[in-house]
Amino acid sequence: MKIADQQLSSPSASTAPPHAGTPPVGKKGRWGRTLDAVDERLGISALAYPVPAHANGLAWSLGGITAVAFAILVVTGVVLAQFYSPTPETANQSVRGIVTDVWAGNVFRGLHFWAAQAMYVTAALHLVRVFVTGSFKKPREGNWLIGVVMFGLVTLAIFTGTVLKWDQEGYEALMHNLDVGNILGGAGFWFSAGFASQVSILVRIYGAHVVIVPGLILALVVLHFLLVKRHRISPHPSLRADARGEQADQDEPTEPFTHHLRRIAAFGLVLFGVLGVLAVVFPPPVGSTPVQGIEVTAPPWMFWWPFALENWFGVSAILWGEVAFFALLAAVPFLDRSKERAWRRRPVSMTIAAALVLLLVVLSVLMVVLPRGEHL
C-alpha cells in the first residue's frame with residue numbers, strides 16, 4: 001500500500017501527459033486545426049519531401065514555370081471559351097468580338113497567346129536542361145518519355161489554337177494538316193471529312209483544344225510530378241552524388257518541396273507580370289476571314305523548320321520531319337546509356353544535340369528568307 005501511495009503521489013506519475021512527444025491540441029488555433037484536418041485526409045504533408053539545394057535555381061525550376069504557364073492558359077482559356085463560337089460562319093467574328101466588345105477581352109486573349117509561347121519555350125528549355133545535366137538517365141528514363149509526349153501535346157495545343165482563330169493563317173494551318181491526314185491514310189481518319197460529317201471539323205478541333213489536349217497534359221503533369229517525388233530530383237553533374245550516382249549526396253543541403261514551390265510561385269509571378277506587359281504592348285492580331293485556294297501566310301514560329309522542309313519536299317516532309325524529331329527525342333535515354341551526367345564527358349551526345357539544334361535554327365531562318373511555294 002505504501003508503494004502504491006508513493007506512486008500515486010509521485011510528481012512524475014501525476015503530471016506526465018499521456019503523449020509526451022506531441023503538443024497539446026488546445027494550443028493550436030482554429031486555422032492550425034483546420035489545416036491538420038485537411039492534411040490528415042489529403043496527405044498534403046507528403047509534399048514536404050527533401051529537395052537538394054541545387055534544384056532551387058532558375059534552370060532547375062523550368063518544369064515548374066512551365067506548369068505555371070499551363071495554369072495561366074487554363075484560366076484565360078476558360079474566360080475566352082465563354083465568348084467564342086466554334087463554327088466556321090461565326091468563329092472569326094467571335095474572336096473579334098472578344099477583342100472589341102468584351103471587358104478586358106483583349107488582355108485575356110493576349111495573356112492566353114503569350115502564355116502559349118512561354119509554355120512552349122520553357123518546356124523546350126526544360127528538356128534541354130534535363131538533357132545537358134543527364135537527368136534523363138536511370139532511373140528517370142520514363143519521366144523523360146513523359147516529358148517528350150507533353151512537349152508534343154504543347155505543340156498540338158498551339159496548332160489547334162491557331163486554327164480556332166479561323167483567319168487565313170489558321171485556315172491554311174488546317175489545310176496542311178488535312179493533307180497530312182490524307183497521307184496517313186486510315187491512320188489520319190480524324191482529319192477526314194467522313195469521320196463525323198454532321199459536325200464541322202472546327203468544332204472537333206475546338207473540343208481537342210479545350211478538352212482532349214489539356215486533359216492529357218494535366219494527367220501527364222500529375223504523373224510527371226509523382227515520378228519526380230518517387231525518384232527525387234536528379235543530382236547535379238558537377239556535385240557529388242551517392243554511390244550509385246542516382247541521387248544527390250546526402251551531405252548536400254536540402255529543403256522541403258513546399259519551400260521549392262514558393263520559389264516556383266515567385267518565378268511564376270514574374271512570368272505573369274511579363275506576360276501581362278506583352279499582352280498590353282503586343283496584343284496578338286486577328287486576321288481576316290479565310291479565303292480558299294490561296295497560300296499566303298507563314299505558320300507560327302515554332303513550325304517554321306518543318307515548313308522549310310515542305311518547300312523542298314512537299315507536304316509529306318512536315319509529317320516525316322516531325323516524326324523523326326520526336327522519335328529522336330524519345331530515343332535519347334536508349335542511345336545515351338552511360339552513367340556519365342556531365343556534358344563535357346558526353347561528347348558524342350552533345351555533338352549530335354548541337355547539330356540538331358543548329359539544323360532547326362538554319363531551317364527556320366531559311367523558311368523566313370527564302371520564297372515560299374504553294375503546296376495546298
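This is a friendly dialogue on reading some features of a predicted model.

User: Where should I start? Which stretches does UniProt list as "transmembrane region"?

Analyst: Let's begin with the record. An unreviewed UniProt entry lists "transmembrane region" for residues 58-84, 111-132, 144-164, 205-228, 264-282, 312-335 and 347-370. Residues 144-164 are 100% helix and 0% strand, with the end C-alpha atoms 30 Å apart. Residues 205-228 are likewise 100% helix and 0% strand, and there the end C-alpha atoms are 32 Å apart.

User: How do I read a nonpolar core, and how many residues does the largest one have here?

Analyst: The general idea is that in soluble globular proteins, nonpolar side chains tend to be buried together. In this model the largest nonpolar core has 66 residues, and those with the most contacts inside it are Y84, W144, F151, V163, L174 and I217. Helix α7, residues 141-164, gives the most to this core, with 12 residues. A second, separate core has 7 residues, among them W60, V228, I233 and F257.

User: Which residues does F151 touch?

Analyst: Leaving out residues up to four places away in sequence, F151 touches Y120, A123, A124, L127, F325, F326 and L329.

User: How do I read one side of a helix? Which residues of α5 are buried?

Analyst: An α-helix has 3.6 residues a turn, so residues three or four places apart point the same way. In α5, the buried residues are A91, N92, S94, V95, G97 and I98. These buried residues pack against α4 (62-81), α6, α7 and α9. V99 also sits in α5, which spans residues 91-100, but V99 counts as partly exposed because its relative accessibility is 25%.

User: What can I learn from V99 about contacts across the sequence? Which residues is V99 in contact with?

Analyst: Setting aside neighbours within four places in sequence, V99 is in contact with N106, R109 and V286. A317 lies in helix α12, residues 316-335, and is buried because its relative accessible area is 10%. With neighbours up to four places away left out, A317 is in contact with L309 and E310.

User: Where do A104 and R232 lie?

Analyst: A104 is in the loop between α5 and α6 and has a positive phi of about 60°, although A104 is not a glycine. R232 is in the loop between α9 (201-231) and β2 (254-256), and its phi is near 70°, again a positive value in a residue other than glycine. R232 counts as partly exposed because its relative accessibility is 35%.

User: Last topic: how many salt bridges are there?

Analyst: The count comes to 10 salt bridges. For each pair, you can look at the distance and then at burial. K165 pairs with D167, the closest N and O atoms being 3.4 Å apart. K165 is buried because its relative accessibility is 15%, and D167 is buried at 3%. R240 pairs with D249, also with 3.4 Å between the closest N and O atoms. R240 is exposed because its relative accessibility is 58%, whereas D249 is buried at 15%. R244 pairs with E246, with the closest N and O atoms 3.5 Å apart. Salt bridges that share partners also join K137, D336 and R346 into one network.

Conventions. Residues numbered from 1 in each chain as written. Predicted model: local features only at pLDDT ≥ 70, side-chain atom pairs only at ≥ 80, totals over all residues. Heavy atoms only, no water. UniProt positions renumbered as here; feature names shortened; annotations may be inferred. Helix = DSSP H or I, 4+ residues; strand = E, 2+ residues; numbered from the N terminus. Core = buried A, V, L, I, M, F, W, Y, C linked by side-chain atoms within 4.5 Å. Buried < 20%, exposed > 50% of the residue type's maximum accessible area, 1.4 Å probe, protein only. Contact = heavy atoms within 4.5 Å. Salt bridge = Lys/Arg side-chain N within 4 Å of Asp/Glu carboxyl O.
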